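Please keep the sequence and the model in view while reading.

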Amino acid sequence: MTSLSSFALALCLCLCLTFVNGNKYDEALSSTETPNYKEYCVIGAGPGGLQMAYFLENAARDYIVFEKGYGAGTFYLKYPIHRLLISINKRNTGKTNKEFNFRHDWNSLVSHDESLQMTKYSEDFFPPADTLVQYLNDFATKLNLKIQYNSTMHDVMKREDKLFQMWDQHDNVYTCKYVIMAT
Ligand SMILES: *[C@@H]1O[C@H](CO)[C@@H](O)[C@H](O)[C@H]1NC(C)=O
């Protein structure tokens, strides 16, 4: 085969493949299908994503949290490297006012469950990061937050019908009305 004809063949193959596959993003743009639809998609189950999920759960909204790790707050399994938080865990404020005391607890998330307070997890003024990971996972479990773990979302895009579409690492498609990035 001449180099010209093999070039032509390669070009043709390339064009054909493009034609057969289309461009999945162009296709998605005009799609009106709604696989795995949720009204709210929250991306990330760290402190921000969990807090958002708590309020969505309490408001009985149709939502899901996507988390790439196998649990909540896995960032804190590695960081900070020296393994202690620099956010204070002040257990004794000398006051009984809950609002006041909560302002001196820099780690806890907001919830109605009083067992979910970092002051009950650690006596240390600068608590270990691993304790926060435990706390965050308890927060997710006890409050029944809807989290899909091991899910790395990519190519979040807005379609012509104004819905968001995205894919996980296995190329499963998800659609949502609202996307909240909490990464
Ligand atoms: C997530 O992946 C881990 C392995 O990395 C596995 O042990 C775990 O069961 C998975 N969890 C879910 C909910 O699929």
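Strands are DSSP runs of E with at least two residues, numbered from the N terminus, and two strands pair if DSSP finds at least two bridges between them. The model is predicted: local features need pLDDT of at least 70, side-chain atom pairs count only at pLDDT 80 or more, and totals for chains, interfaces and linings use all residues. Residues are numbered from 1 along each chain as its sequence is written.

Strands of a sheet pair through backbone hydrogen bonds, in either a parallel or an antiparallel sense. Here, six strands form an open sheet with mixed pairing, in the order S3-S2-S1-S6-S5-S4. Its edge strands are S3 (147–148) and S4, each of which pairs on one side only.

| Strands | Sense | Bridges |
|---|---|---|
| S1 (residues 38–43) and S2 (residues 63–66) | parallel | four |
| S4 (residues 154–158) and S5 (residues 164–167) | antiparallel | three |
| S5 and S6 (residues 173–181) | antiparallel | four |

Histidine 154 has tryptophan 167 in S5 as its bridge partner, while methionine 166 stands opposite tyrosine 174 in S6.

Which residue in the turn between S4 and S5 has a positive phi? Five residues separate the two strands of this hairpin, and lysine 162 in the turn has a positive phi of about 75°. S5 and S6 also form a hairpin, with five residues between them. In that turn, aspartate 171 has a positive phi of about 65°.
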